[in-house]
Amino acid sequence: MQQLSVRHLLGIKDLTPADISLIFETADNFKEVLSRTIKKVPSLRDITIANVFFENSTRTRLSFELAEKRLSADVINFSASGSSVKKGETLLDTVNNILAMKVDMIVMRHASAGAPHFLSRHIKANIVNAGDGTHEHPTQALLDSFSIREKYGEVAGKKVAIIGDILHSRVALSNIFALKKLGAEVMVCGPITLLPRYISELGVKVELDVRKALAWCDVANVLRIQLERQQMKYFPSLREYTLYYGIDKKLLDSLDKEITIMHPGPINRGVELSSDAADSQHSIILNQVENGVAIRMAVLYLLASQVA
Ligand code: CP
């Protein structure tokens, strides 16, 4: 059986193109399973997985939990709010106590960049990064590229513009790594204050004008403004951001071309994306969410098979 080159999924940066292809081929099989009347397989029957979330989540958390249950794993869920973290327990003590209950894998979301990497140096269980601060969100990037592959047949050669708050986005960085490894052309677009200074060193085009970015790309992956991560004002007001960077159906129709709109969620409707664009025939946003379950099943299955 083919194996991943990594023991943990900490970031797309660590994956080879062959790893990503293996995840996609495995996800194709699980997507077929998910279309059956009985959507469950016994693959992880003897595995216990803890979903350890130190930050809020809707999609990622539910998607991992469903993926684990579809694979017949035993699942426990931990939220920092309402836990002994509030009494001062450290990350390592928290995770070691969870592992003492004979848990095999940890899926973790944490507000600090590098938290899962730190854990991987101290524990034996497999770790899946479900988003670490402004650093990486590897399963989001995998499901995004998988959705582009599903729409166009392949990712190589496609022009993908990532539009919005690039500076604070873990989705942007993971997407750049994944898309580049798969041979796509990548552009980032946003106000200059929301583009990291190092960004062009990652081999991406940089565009400040959203109309030019949309005119260039096959796929626009639109990101929300992450106000909760912003320590200062990066633009005068949300109203002004929407005026210059908001995407609506009128703008999409004016391009007079086929274009695919993606968004990792949660959408700030009426800010970066209008409802008529988010819900238009251009949008594959809910297909992304659907594909997230198959992608996470593939990641968990491939990591768990290394344990055996
Ligand atoms: N895309 C994403 O990570 O969404 P959640 O924060 O709801 O998990």
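Helices here are DSSP runs of type H or I with at least four residues, and strands are E runs of at least two, both numbered from the N terminus. With that in hand, let us walk through this predicted model.

## The annotated domain

The UniProt annotation "domain: Aspartate/ornithine carbamoyltransferase carbamoyl-P binding", from an unreviewed entry, covers residues 7-150. In the model this span is 40% helix and 17% strand. Its end C-alpha atoms lie 27 Å apart.

## The annotated binding site

In an unreviewed entry, UniProt places the feature "binding site" at Arg 59, Thr 60, Arg 109, His 137, Gln 140, Gly 265 and Pro 266. The lining of the largest pocket includes Arg 59, Thr 60, Arg 109, His 137, Gln 140, Gly 265 and Pro 266.

Two of these residues deserve a visit. His 137 sits in the loop between β4 (126-132) and α5 (138-152). Because its relative accessibility is 3%, His 137 counts as buried. Leaving aside residues up to four places away in sequence, His 137 touches Thr 60, Arg 109, Ala 130, Gly 131, Arg 170, Val 171, Ser 174 and Arg 296. Thr 60 and Arg 109, both among these contacts, are also in the "binding site" annotation.

Gly 265 belongs to another loop, the one between β9 (260-262) and α10 (275-278). With a relative accessible area of 22%, Gly 265 is partly exposed.

## Salt bridges

The count for the structure comes to 9 salt bridges.

| Pair | N to O distance | Location |
|---|---|---|
| Glu 55 and Arg 170 | 3.0 Å | loop between β1 (48-53) and α2 (59-70); helix α6 (residues 170-181) |
| Lys 69 and Glu 65 | 2.7 Å | both in helix α2 |
| Glu 185 and Lys 205 | 3.8 Å | strand β6 (residues 185-189); strand β7 (residues 205-207) |

Let us start with Glu 55 and Arg 170, which form a salt bridge. Glu 55 is in a loop and Arg 170 in helix α6, so the pair ties together parts that are 115 residues apart in sequence. Both partners are buried.

The bridge between Lys 69 and Glu 65 stays within helix α2, where the two residues are 4 apart, about one turn of the helix. Are the two partners buried or partly exposed? Lys 69 counts as partly exposed because its relative accessibility is 39%, while Glu 65, at 16%, counts as buried.

Glu 185 and Lys 205 also meet through their side chains in a salt bridge. This pair links distant parts of the chain, 20 residues apart, with one partner in strand β6 and the other in strand β7. Glu 185 is partly exposed at 34% relative accessibility, and Lys 205 is partly exposed at 38%.

## Aromatic rings

A search of the whole structure finds 5 aromatic pairs. One of them is Phe 235 with Tyr 241, a tilted pair with 5.3 Å from centre to centre and 40° between the planes. Phe 235 is buried at 12% relative accessible area, and Tyr 241 is buried at 2%.

How are the rings of Tyr 241 and Tyr 245 arranged? Their centres are 5.4 Å apart and their planes are at 25°, so the pair is stacked. These two tyrosines are 4 residues apart in helix α8 (residues 238-245), and therefore separated by about one helical turn. Both Tyr 241 and Tyr 245 are buried. Ring pairs link Phe 235, Tyr 241 and Tyr 245 into a cluster.

## Cysteines

A disulfide is a covalent bond between the sulfur atoms of two cysteines. The structure holds 0 disulfides. Cys 189 is in no disulfide, and its nearest cysteine sulfur, that of Cys 217, is 9.2 Å away.

Key
Residues numbered from 1 in each chain as written. Predicted model: local features only at pLDDT ≥ 70, side-chain atom pairs only at ≥ 80, totals over all residues. Heavy atoms only, no water. UniProt positions renumbered as here; feature names shortened; annotations may be inferred. 1 Å grid on protein atoms, 1.4 Å probe; cavity = no way out; pocket = protein on both sides within 12 Å on 5 of 7 lines; lining within 4 Å. Buried < 20%, exposed > 50% of the residue type's maximum accessible area, 1.4 Å probe, protein only. Contact = heavy atoms within 4.5 Å. Disulfide = S-S within 2.5 Å. Salt bridge = Lys/Arg side-chain N within 4 Å of Asp/Glu carboxyl O. Phe/Tyr/Trp six-rings, centres within 6.5 Å; stacked < 30°, edge-to-face > 60°.
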